[in-house]
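My notes are below, in the order I looked things up.

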Amino acid sequence: MKKIIGNSVSTGVAIGKAKIINKHELYIKDKKILKSEIKFELSRFKEDVKFVIYELDKLIQDYTYSKENRDILESHKMILQDPEFNKRISILISEDQNCLEQAINTYFTEAIDIFSNVNNKYLSHKVNDFEDVAYRLLSHIKGERKDVFVDVDENSILIMENISPSFVTTVFDKNIQGLCTERGSRNSHSSIIARSMNLPMLVNTMGLLGNIKDGEDLIIDGNDGYVIISPTKSVLEKYKAIYKVEQNIQRGLLKLIDIESITKDGKKISLMSNIEIPQEIDQVLKYNSAGIGLFRTEFLFIDRDDLPTEEEQYEIYKNIAEQCIPNPVTIRTIDVGGDKLSNILNITYEQNPNLGCRGIRISLQNVPIFKQQIKAILRANVHGNIKIMFPMISGVNELLKVKNIIEICSKELINTGIAFNADMELGAMIEIPSAVITSDSIAEECDFLSIGTNDLIQYTLAVDRDNQSISDYYKPTHPSVIRSIKLTVDNAHKKGKKVAVCGEMASEKKYVKLLLALGVDELSVSPGRLLIIKKEIIDCDIAEMRAKLDKILSCKTSKEINKLI
Amino acid sequence: MIRKTIKIVNKLGMHARPATMIVKAATKYRSEFRIVKSDMEINGKSIMGVMTLAAEFGSELELVADGVDEKFLIQEIVEMFLNKFGEE
């Protein structure tokens, strides 16, 4: 029996068998393409080869001190420049109608086959080079998207080094007991989804991969933050008992599903859900949420080689809106850093992406793409009750630009005669300190504000939430954060606008009373947290906490605040 | 068109490094360049092709160049063979 410590992402115990997911294995989709796709596939090949050669050139420059390494890289480059290689791939694509990945795989499989049978030891080890080149090329094409989930079943606990955003959807599509990653953070997207599904998960389980074999018995203790490999019989029994108790508590919470979220002193709080992928709608409906307070749309744009069309977006928004009727669905326009979109947009390298072209800035720099999203939302609003909100608003300027674009979209839709509904509430995300300070002007220009606490904390305290070495600086109850929320709420209320909190802070039991005392009108939480937070609201006496508010607001440190809440 | 028969005299045969040298040299010229070994014929500007020859010490190859600068191409390649690709 071995015990390895990690950071818990979602509470709860999981008991199952280890399944190691190695992302370095290549996945080749066996796919034929259409005649109409040939031209595109050929240009993709040209571009990808060009890029990998460029990458190799950079490496070769760095290896000037080692001739052996340089020669290997040179020979890789030569393979990519080989006229016969280029000819053969072109034939595999245009005549056999293979997709690029399949063509590359076929070519190198053939080559490896020939060279493994060659009676020359200096050539037979060339096979490694071919594998390297093929890998370099394919991993450039596919990023990290490879199918390595072959033997996963409902007993599995997945063990991974990390979950890249492009992996997330695949991971959570599986029916599993839980998962552990050697790296990662509590606030990463994958962690957010695990919580929404109440799936036990640990991150930062350092050394786990070196200590575990596929198929070993495994326990995740998400309450205390560790994994147990090959537990003894008595430990296993102990955890089975805990597991049973947890299931009972969950059953108790389920009884709250049809109860209204009204505080002890009679204030009705609208308790909404955050969703990241459409699949989460099942949880939203199951837990009878008052609607969706944050529908992230990033999943539509990352992990793909082309942009989603207006039609595709429309179908998805419409579907979610219809399922939520009569409750509102708050759609947030695309909120990613440029780095995530480099495969579909022309993005210049940024030294500091967190302060770079992301969120609304991407949309305003790529207006045609933004317009497609706006139009899809306007059209979907015919079928439900949609609100729209914009990420990374730093001041009133962006909001005015956005409103102008919405107007243009409406006019264009009128001209084409397509049905749409422009009667829609507009909201600004408050997550940049400048937006907090000018929240009075921002509130004038929109219908509601929504505080994204993760980014607000990150930008207010200048701390990267994924940087483990400085995670101590990430303090949700830092006086600056609490005062920022207060200022935002007061400014909005003066203009008669409501304020929601859709960041992780709203999902933490211990902050609920404080947020409500600060005057927040709406909480939007991960579906997996809905009932726990509902219980907190029901048990909350706002007046009681409000009596302490002056004292809290005059606190000098987050430690002092934590003692009071 | 020039044809030239040549014997491999370096001990290690046509392994990766000589193959690389041949392709690099041949690529500088505009002429077409092919190498024939018994019943096999490959593009001499293709690294994969040259390596598949896997020609060993003592075996015979025919070099075929065709184009405006065929003479210079053959000259450079033949010299490489004779110098045993700088091996000894």
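**Barrel strands**

I started in the sheet and found that four bridges join E14(A) to E15(A), and that these two strands run parallel. The model is predicted, so I am reading everything here as a prediction.

Which way do the side chains of strand E14 (residues 448–451) of chain A point? I get Phe448(A) and Ser450(A) on one side, Leu449(A) and Ile451(A) on the other, with all of them buried.

Next I checked strand E15 (residues 498–501) against strand E16 (residues 522–525), both of chain A: they pair in the parallel sense over two bridges. Val501(A) has Leu523(A) in E16(A) as its bridge partner.

Then I stepped back to the whole sheet. Eight strands close into a barrel in the order E9-E10-E11-E12-E13-E14-E15-E16 (chain A), with parallel pairing. Neighbouring strands are turned by 30° against each other on average, direction ignored. I also logged a helix on this sheet: H12 (residues 310–324) of chain A packs there, touching strands E10 (292–296), E11 (328–332) and E12 (385–390) of chain A. The direction of H12 makes about 150° with that of E11(A).

**A helix pair**

I picked helix H14 (residues 367–380) and helix H15 (residues 396–416) of chain A. They pack at an angle of about 65°, their axes 9 Å apart. H14(A) and H15(A) are therefore roughly perpendicular to each other, since 65 to 115 degrees counts as such. The crossing of H14(A) past H15(A) is right-handed.

Which residues meet here? From H14(A) I listed Val367(A), Phe370(A), Lys371(A), Ile374(A), Lys375(A) and Leu378(A); from H15(A), Ile405(A), Ile406(A), Cys409(A), Ser410(A) and Leu413(A). By class, that contact has eight nonpolar, one polar and two charged residues.

Is helix H20 (residues 509–517) of chain A mostly buried or exposed? Seven of its nine residues are buried, so I have H20 down as largely enclosed by the rest of the structure. The buried residues are Tyr511(A), Val512(A), Lys513(A), Leu514(A), Leu515(A), Leu516(A) and Ala517(A). They pack against E15, E16, helix H21 (530–538), helix H22 (542–546) and helix H23 (549–553) of chain A. Just after H20(A), I spotted Gly519(A) with a positive phi of about 105°.

Last, I looked up Val133(A), which sits in helix H6 (residues 126–142) of chain A. Val133(A) has 22 other C-beta atoms within 10 Å, so it is buried, the cut-off being 20 or more. Leaving out residues up to four places away in sequence, Val133(A) touches His76(A), Ile79(A) and Leu80(A). I also checked Phe108(A), 25 residues from Val133(A) along the chain: their C-alpha atoms are separated by 8.9 Å.

Technical notes
Residues numbered from 1 in each chain as written. Chains lettered and ligands numbered in written order. Predicted model: local features only at pLDDT ≥ 70, side-chain atom pairs only at ≥ 80, totals over all residues. Pairing = 2+ DSSP bridges. Axes fitted to C-alpha atoms, helices over the stretch in contact; angles between N-to-C directions. Contact = placed C-beta atoms within 7 Å. Parallel < 35°, antiparallel > 145°, perpendicular 65-115°, else oblique. Left-handed = near helix turned anticlockwise from the far one by under 90°. Nonpolar A, V, L, I, M, F, W, Y, C, P; charged D, E, K, R; others polar. Buried ≥ 20, exposed ≤ 12 C-beta atoms within 10 Å, placed from the backbone.
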